[in-house]
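Here is a short walk through the aromatic rings of one structure. Keep the 3D view open as you read.

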Amino acid sequence: MKEHTFREVIAQAMSEEMRKDESIFLVGEEVAEYNGAYKASKGMLDEFGEKRIIDAPIAELGFTGISVGAAMNGNRPIVEFMTFNFSMVAIDQIINNAAKIYQMSGGQWNCPIVFRGPTGSAGQLGATHSQAFESWYANCPGLKVIVPSNPYDAKGLLKSAIQDNDPVIFMESEQMYGDKMEIPEEEYYIPIGKADIKKEGKDVTLVSFGKIMKVALQAAEDLEKEGISVEVIDLRTIRPLDYDTILESVKKTNRLVILEESWPFASISTEITYMVQQKAFDYLDAPIKRITTPDASAPYSAPLFAEWFPKVDKVKEEIKNALYIKA
């Protein structure tokens, strides 16, 4: 085991797979000469050369479309968006081509492509650079959506995503690239579509994913000191979503709280809430609680942003509400 940062394991995962398969290439803005906008492709240009580590112009629609075509013709592109906010410029290629070509061609063409980059907020970046689009992409049949919360999961899941024959949306966070964790020196993969129980508990189930898992785990740790046992589930994969792990936990704890960095309307928590009441309603001893950002764009002001982003105290309050404990 050796300690590595999130940005380092992203580069490791891509490099390990590229050494095995010459059809894999990385394209995006500043991925080559600059080593990536967040240094997540550091050293890769030197190893693989400019034909496989490609600096693209500021034209997401263009280089995404070229990559989709390359995937249909036997290559396995990795497309980096500087943030997923900018993927909105390329969303036609992702939704109308990458996600649908296998079905529309009657299985004649696969589209093995990974779209990766940061999602959600990262401090004072303004409303147009602070958006979480997990539910948007997960709503589209044909796409797989992965949102890891730590370096270990990120490496194993990205390697699986690169080998997958379907288009995969792989969402990271600017605020996680410096996170450190011990990583095995031997090669490993994490299967797509399997959630992970980060902390076992018996009183209430707390479900989350991505960088806001830090808030979930901190809330669970704080409540443990108060005698409240919280089971924390990290979804890791948003689509396909591991309903079974959630349902089994709810059947054990009889209560559910869902935390995500997203607007509330048609969110991932909305989908989970529906499925749990549909398949485990009789196990619930309290209404399901949902914690999201407010139904408003992220503010630029630091004090306003601090109020907008879900906090540890809010999570603890809702967990106590689910347990009928006066906060």
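This is a predicted model: local features need pLDDT of at least 70, side-chain atom pairs count only at pLDDT 80 or more; totals for chains, interfaces and linings use all residues.

Residues are numbered from 1 along each chain as its sequence is written, and side-chain values use heavy atoms, with hydrogens and water left out.

A pair of aromatic rings is described by the distance of the centres and the angle of the planes. Rings of Phe, Tyr and Trp (its six-membered ring) pair if their centres lie within 6.5 Å; planes under 30 degrees apart are stacked, over 60 edge-to-face, and the rest tilted. The count here is ten aromatic pairs.

One of them joins Tyr-38 and Tyr-177. The pair is stacked, at 5.2 Å centre to centre with 15° between the planes. Tyr-38 lies in the loop between β2 (24–28) and α2 (44–48), and Tyr-177 in the loop between β7 (168–172) and β8 (180–183), so the pair ties together parts 139 residues apart in sequence. Helices (H or I, at least four residues) and strands (E, at least two) are DSSP runs, numbered from the N terminus.

Tyr-177 is buried, at 1%. Buried means under 20% relative accessible area, exposed over 50%, and partly exposed in between (1.4 Å probe, protein chains only).

Phe-63, Phe-81, Phe-84, Phe-115 and Tyr-137 make up one aromatic cluster.

Finally, the charged end of Lys-39 sits over the ring of Tyr-34, 3.5 Å from its centre. The rule asks for NZ of Lys or CZ of Arg within 6 Å of the ring centre and within 35 degrees of the ring normal.
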